[in-house]
Amino acid sequence: MAGVDGVELSVRAGLTSGEVAERIARGQVNQVDERSSRTLSEIIRSNVLTRFNAIIAALAFVVLIVGDPRDVLFAFVMISNAVIGTVQELRSKATLDRLSLVVAPQLTVRRDGADTIIGPAEVVLDDIIVIGPGDQIVVDGVIVDDDELTIDESLLTGEADPVAKNIGDGALSGSFVVAGGGVMRATAVGDDAYAAKLARDARAFRRPRTELERGIDGILRVITWLLVPAALFLFLGQRYGEGNTLREALLGTATGLVALVPQGLVLLLSMAQAVAVIRLGRAGVLVQRLEAVETLARVTLLATDKTGTLTTGAVRLDHTIPLDSDAPIDDALGALAAADEHPDATIAAIAAAYPRDPGWMVEGRVPFASRYKFSAIGTPQAPAAAWYIGAPEVLLTADDASLRDAQAAAERGMRVLVAACADELAEPGVLPAGLRPIALVVCADEIRSDARETVEYFTAERVAVKVISGDNPRTVAAIAQRSAVPDAEKWIDGRDLPMVDIDSSDANEDELSREITDHAVFGRVTPEVKRAFVRSSQRHGEVVAMTGDGVNDTLALKDADLGIAMGAGTSAAKSVAELVLLDNRFATLPGVVAEGRRVIANINRVARLFVTKTVWAATFAIIVGVATTSYPILPRQLTVVDAITIGIPGFILSFEPSHEPARSGFIRRVLRFGVPVGLVVGVVTMAGFAVVRSSWIGADRDAAQSAATLLLTILGLVALEELIQPLDRYRSVLLAVLVVMTVGAFAIGPIAEFFLLEIPSAEVSAVIAGAAAIGALGIVLGARRAGALFDRFDDRFSRLAARGLE
């Protein structure tokens, strides 16, 4: 085997330290851009260089030219939003980057004649890498030694069937080992590796947006369309109708446009998500995709693996049942365990119970694979030519009395294997003729102490829990029953499920869907069936979360709406999962659901405040244009209204705990509240402004704008109070503080002078009180009764609006 220098490389010795240093100096090292989050420049750009920041900055420039510098205060809100958003996302990035290092795959390389554990970024060209089941292949290479090596390349090629690899075959980065073992030499590292090229292409693909993101994008898109006509209405109505000076018309137009822009809405969504990532990180959850938090809160079906999820993954050998008194059972089990270089938990338990290797010469192995459920060794010089161990349903005939014993043990929740011998070693996946069972090997799983509590939580939240495993269905059902899985007694063998083509419509899919609905436990399930289970459930409207930790879970984890891997799981499982439970605790999931629900519920609530503001601002623009009057408030006064009725309460409410179930229909709920309430606020405030300026009251423009500011703030607080019902102590204190802030803004001299606010006269106060009473009644009726009308005309207006925005 020749390296890049034409030097013969030793498979047994690997590279020397000097050769590694030479390759590092030449840049032949596996350093690629595998960011778990955005770069600093991308974070700053996304928070600063936005469409609405550009609009606000332009309006601030206009106001600074024609108005009082104090009226540019709204621009500082834009700046603070950008700073807060950037800082919070940087904190989230630090959490993600730190946790990503924890779950980064480790690999074994052979250097200076010794095996060494290193990280993926330390691999150099021509490194000799030892691979085994569950290992993720991180560089491209060629196989130089194999032990029945089988690799799954489905994540790269889409081909579900694992591929057997022999010496001289290529292995691509991004694939993973499902059975056997081997040694490979790295032939392409860094950006030259196949997975790195795929990753570059993947970055050009925009991931699907979540419902919250789509909804907020739709709201912002509509507001963008409104800006130009609103600007024309505002400017023309004030300049040529009211007869305002150019300075006054520009100032009023800028105020109206600033009011239309929901400056903090996107910030609050990104902040809520970022805080969720930080909180979950502290709880031992790595969020590999930000939207995963929202997705879990919307899950309707949780498909959980047994091993490593309901159970700890630890297995102990309970006892063996001899089936052939003349067979060397102890030696056979010791040989089978000793021959497996990459034992799973069950084989490891057998090795611990039978540590003595009889010393039989092994010539040929069949590694265990999920699709045929057994492994074997060839021993031509032993009492038998071949020894097999695997699932009773596979190695025993249907009429074998031992099968009933195995099933009885399985029904008690035990994990049962059969040891057998034969006169020849058959090809992988094929059983030899004359297979003779010699013993039942009975092992016990350790159930997690928190499994029952976690399953009960999801059941109470109306999430269907299904257990999918490659083990005996009776064993899985017994463990599911002990874990409080509903209908756990309704189990089915995965081999009895109809075969379905997951990539096209299939006549068997309806039958598979019925089986999924009718059963809670699925045993002897192959990776392909797990994948079909997920796809079928999704096609019938379920939002599917899949938990797992093994190689056989990878395909289903990738296809599920949300893949959840255990931190102690294989690198392959963790690489495709959206969430990784670093503490390996199934009980962590309810906390993730709670975070998702907090984000969804609170952003739903806060978005209604912002849309209400946009609607009343649009109402102002229309009335100003039609009635040709002045704008009712100044830019600096808008800052007061924004802060008291939206900014402060919106910020605080976005972090409030919430256990409200996630529901679809974000846009519809926002419009259902924001449109009627915003119309009431807009119309009543403009009417109050007009009355105060009329000959009945005779107030000047400054007094009228101050009165409109007070009335608008009062109505905004009434809308807030209606939105956050029912009131608890926390929310009541928040409202009380906002009322005190409103009084302070008008009563404290320096503040009132800065914002051009004044305590209204008796006549003006009477108008404000009357308008506030009418407006408050209108808000309550609008939020409750108009919402019912919205429901009544859902097929027409609401559905069309939601479709257009999303």
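The paragraphs below go from totals to individual residues.

This is a predicted model, in which local features need pLDDT of at least 70 and side-chain atom pairs count only at pLDDT 80 or more, while totals for chains, interfaces and linings use all residues. Residues are numbered from 1 along each chain as its sequence is written, and side-chain values use heavy atoms, with hydrogens and water left out.

The protein has 29 helices and 21 strands; these are DSSP runs numbered from the N terminus, with helices being H or I of at least four residues and strands E of at least two. Of its 806 residues, 56% are buried. Buried stands for under 20% relative accessible area, exposed for over 50%, and partly exposed for values in between, with a 1.4 Å probe and protein chains only. The accessible surface is about 33100 Å², and 57% of that belongs to carbon and sulfur atoms; areas come from the Shrake-Rupley method with a 1.4 Å probe, and for residues only the protein chains shown count as cover. Among contacts (heavy atoms within 4.5 Å) with a separation of 6 or more, 73% are between residues 24 or more positions apart.

In soluble globular proteins, nonpolar side chains tend to be buried together. A nonpolar core is here a set of buried Ala, Val, Leu, Ile, Met, Phe, Trp, Tyr and Cys residues joined through side-chain atoms within 4.5 Å. The largest has 130 residues, and within it Leu-296, Leu-579 and Trp-616 touch the most other members. The greatest contribution, 17 residues, is that of helix α22 (residues 589-627). Leu-579 shows which parts of the sequence meet: leaving out residues up to four places away in sequence, its contacts include Val-285, Leu-296, Leu-562 and Val-592.

Which strands pair with β9? Strand β9 (residues 301-305) runs parallel to β16 (residues 464-468), joined by five bridges, and pairs with β19 (residues 544-548), also in the parallel sense, over four bridges. Two strands count as paired if DSSP finds at least two bridges between them. Thr-304 stands opposite Val-467 in β16, and Leu-302 has Ala-545 in β19 as its bridge partner. Five of the five residues of β9 are buried, so the strand is largely enclosed by the rest of the structure. Leu-301, Ala-303 and Asp-305 point one way, and Leu-302 and Thr-304 the other.

Another sheet is open and antiparallel, with six strands in the order β10-β15-β14-β13-β12-β11. Its edges are β10 (311-322) and β11 (365-366), which have a single partner strand each, so one side of each lacks a neighbour in the sheet. Inside the order, β14 (residues 414-422) and β15 (residues 436-447) share eight bridges, and Arg-415 is paired with Cys-443 in β15.

Helix α12 (residues 329-339) is largely enclosed by the rest of the structure, because eight of its 11 residues are buried. Among the buried ones are Ile-329, Leu-333 and Leu-336.

The structure holds 25 salt bridges, each a side-chain nitrogen of Lys or Arg within 4 Å of a carboxyl oxygen of Asp or Glu. Glu-595 forms one with Arg-279, with the closest N and O atoms 3.5 Å apart. Glu-595 is in α22 and Arg-279 in helix α9 (residues 265-282), so the pair ties together parts 316 residues apart in sequence. Glu-595 is buried at 11% relative accessibility, whereas Arg-279 is partly exposed at 33%. Helix α22 also supplies Arg-597, whose salt bridge with Glu-461 has its closest N and O atoms 2.4 Å apart. Arg-597 is buried at 6%, and Glu-461 is partly exposed at 26%. Asp-126 and Arg-185 meet at 2.8 Å, N to O; Asp-126 is buried at 2%, and Arg-185 is buried at 13%.

On the surface, Leu-40, Ile-44, Val-48, Leu-49 and Leu-90 form a nonpolar patch with about 420 Å² of accessible area together. Patches take residues with over 30% relative accessible area and no salt bridge, joining like charges within 9 Å and nonpolar side chains (Val, Leu, Ile, Met, Phe, Trp, Tyr) within 5 Å. Helix α2 (residues 40-48) gives the largest share, three residues. Leu-49 lies in the loop between α2 and α3 and is exposed, at 64% relative accessibility.
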